[in-house]
Amino acid sequence: MGLLSIIRKIKRKEKEMRILMVGLDNSGKTTIVLRINGEDTSVISPTLGFNIKTIKYDKYILNIWDVGGQRTIRSYWRNYFEQTDGLVWVVDSSDVRRLEDCKMELDNLLKEERLSGASLLILANKQDIQGALTPNEIAKVLNLDAMDRTRHWKIVGCSAYTGEGLLEGFDWLVQDVASRIYILD
Amino acid sequence: MEEDQSKSRTKDIRDESLDPITEKKQAAMLERLSNLHQSRLQESISRKTDNSSPLESTKSFLDRFSEAKRSIQDELDRCRLVSDPESKGRLKSDLEQLSMSIAELEKLVSENSYFLPSYEIRSSLTSISELKERLENANSMLLPKKKFAFKNKAAKKDQNNATSTAETGASDSVSVDIKAPETILPEKLNIQIRDSPGFRNRVDAVLVKHFKSSGKGDFTLSDLKSCEVRLTGRLRAVFIHRLKSCRVFVGPVLGSILIEEVEDCLFMLASHQIRIHHARNTDFYLRVRSRPIVEDSSSVRFAPYHLSYEGLDKDLQDSGLDGDTGNWGNVDDFRWLRAVQSPNWSILPEDERVSIVKISSAETCSEDS
Ligand SMILES: Nc1nc2c(ncn2[C@@H]2O[C@H](COP(=O)(O)OP(=O)(O)O)[C@@H](O)[C@H]2O)c(=O)[nH]1
Ligand SMILES: [Mg+2]
């Protein structure tokens, strides 16, 4: 039996999912994770390295890895790819200048073989900011229509401030991952 | 389609005042999220009271962690040294067992991460990736025929790119799909994106703008030289890019201020988060809720916010920025991860600070004018 199948089996037993949060620095990853977890979001310092949260969500245990987006540490993202079931790519919808950078980093990430099976949720965050690009516009800039056919993905507009869109996004992600991994239950 | 639904939703929250239904929905949403948290806390408390509780102290975590780490290392060493055929036959399953032990260890860290100090999390995870690296080395050394990998297709590419991995220092030597960033040129975006509001490409100008106190917008300052900028009222986000020899005074920002490439400037800013990249020879007068960060910067100095305009106190209060947290001086240099003070930033000596900066309302023209 391959190592992969052993690990999948363990995970299936415990109904665990491993979710990786990535995106440029300042996009709102940490705020989103705390918000989903119902925690205080009034003081958040920029993330050095990473935070890990274990969250119970429906009948699943999510291990959420919130990885710092600073340029100096983006090359470390790959250390977290192994066994990732769900990928959340967070976009600051008001940061028009860095959208190109954002597209490039996302494209690079999706080339990563170890992530090829992971479901992809794109959160167009900060929709509460007047003038933020809509999820439609973000989808165009990121050229999501050109995505590999085999990839399961969805883009959702959200705001970590108001909380809107977050549950819609995570509900989809968890369901999508569950339908792939726990199908044999 | 998926994207279409989100469009109407985003329209709702962009309206200046929320309609009652949306407001109610949002309140319900926040409540649902906070209930989740409450029930989790409850669970954690009840877990604490029965004896199967997780290790809720750093010390016992560290003890358990280092014990597990040591036994994994010992087992790895043993595997490397086996020579008799019988043990060799068992190697594959032994190594698989080791991989599971490492996964267990990773889970231990994750489960305890909510109370562990971030330094401990960081060093634990560094240890784990070292163990993984050693395991993968052992795998490729001891089981040469069947390559250890979580993927098969990329195996061929791996060999071609082997040198680039070494350069980028990935800790797991088997995976090499990422190319060096400079080999991937960003395709030019072929769709026209509207620019966000801002002051751009100006020299020797005084740039003044007032925002409504219900401010929900963002604003950009970019490519300015020898300018003085005064932004009063409230904003949700500010982006600052490529400024030289400028003086910049900004009212409270509910979200974050992102600063890149500034030189010989003075900034007076109030915000929930302030991130400073590539700044040189610049003074920052800050009111900030979280710890400001600097990255790739030098000769930057910090002092408390010292601005005054009519209505500022109310604006600060409405933005959750009333009362100084003292964080203006708690700067984290992301390029300097040692306990001793970073040489890149310092506290601005009191006798070198500017006195309070007043902006009279006559000077500020309205956003709508
Ligand atoms: N207006 C607004 N600001 C947000 C939102 N989400 C996050 N922010 C702000 O954006 C900044 C960066 O957030 P953070 O979670 O630290 O980003 P990270 O670097 O991706 O983890 C913080 O100042 C947040 O308050 C949002 O939905 N709306
Ligand atoms: Mg963060």
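User: What makes the order of the elements of chain A, from the N terminus on?

Analyst: The elements of chain A run α-β-α-β-β-β-α-β-α-β-α from the N terminus on, and chain A has 5 helices and 6 strands. Helices (H or I, at least four residues) and strands (E, at least two) are DSSP runs, numbered from the N terminus. This is a predicted model, in which local features need pLDDT of at least 70 and side-chain atom pairs count only at pLDDT 80 or more, while totals for chains, interfaces and linings use all residues. Residues are numbered from 1 along each chain as its sequence is written, chains are lettered from A and ligands numbered from 1 in the order in which they are written, and side-chain values use heavy atoms, with hydrogens and water left out.

User: Why is Thr30(A) called buried?

Analyst: Buried means under 20% relative accessible area, exposed over 50%, and partly exposed in between (1.4 Å probe, protein chains only). Thr30(A) has a relative accessible area of 13%, which is under 20%, and therefore counts as buried. The residue is found in helix α2 (residues 29–36) of chain A.

User: How do you know that α2(A) is largely enclosed?

Analyst: In α2(A), 8 of the 8 residues are buried, so the helix is largely enclosed by the rest of the structure. The buried residues of α2(A) include Lys29(A), Thr31(A) and Arg35(A). After α2(A) comes Gly38(A), with a positive phi near 70°.

User: Which residues does UniProt list for "binding site"?

Analyst: The unreviewed UniProt entry lists Thr30(A) and Thr47(A). These two span 18 residues in sequence, yet no two of their C-alpha atoms are more than 7.5 Å apart, so they gather at one spot. UniProt positions are given in the numbering used here, feature names are shortened, and annotations may be inferred rather than shown by experiment.

User: Where does Thr47(A) lie, and is Thr47(A) buried or exposed?

Analyst: Thr47(A) lies in the loop between α2 and β2 (50–57) of chain A. With a relative accessible area of 10%, Thr47(A) is buried.

User: What does Thr30(A) touch?

Analyst: Not counting residues up to four places away in sequence, Thr30(A) touches Ile44(A), Thr47(A), Asn51(A) and Asp66(A). A contact means heavy atoms within 4.5 Å.

User: Why is the site of ligand 1 called shared between chains?

Analyst: Residues from chains A and B surround ligand 1, so the site is shared between chains. A residue is near a molecule or strand if one of its heavy atoms lies within 4 Å of it. There are 21 residues around ligand 1, and among the closest are Lys29(A), Asp128(A) and Gln273(B).

User: What makes a pair of atoms a polar contact?

Analyst: A polar contact is a pair of N or O atoms within 3.5 Å; within protein, one must be able to donate a hydrogen and the other to accept it, and residues adjacent in sequence count only if both atoms are side-chain atoms. A polar side-chain atom of Thr30(A) lies 2.8 Å from an oxygen atom of ligand 1. For Thr31(A), an N or O atom in the side chain is 2.5 Å from an oxygen atom of ligand 1. For Ser159(A), the distance from a polar side-chain atom to an oxygen atom of ligand 1 is 3.3 Å. These values are within 3.5 Å, and the pairs therefore meet the distance limit.

User: How much of the accessible area of ligand 1 does the protein cover?

Analyst: On its own, ligand 1 has 580 Å² of accessible area, and the protein covers 97% of this. Accessible areas come from the Shrake-Rupley method with a 1.4 Å probe; for residues, only the protein chains shown count as cover. Two or more residues of the shell come from each of α2 of chain A and β6 (247–263) and β7 (266–288) of chain B. The largest share, 3 residues, comes from α2(A).

User: Why is Asp318(B) called partly exposed?

Analyst: Asp318(B) has a relative accessible area of 34%. This value lies between 20% and 50%, so Asp318(B) is partly exposed. The residue is found in helix α8 (residues 312–318) of chain B. The side chain of Asp318(B) makes a polar contact with that of Lys314(B) at 2.7 Å.

User: What share of each chain counts as buried?

Analyst: Of the 185 residues of chain A, 69% count as buried. For chain B, with 369 residues, the share is 43%.
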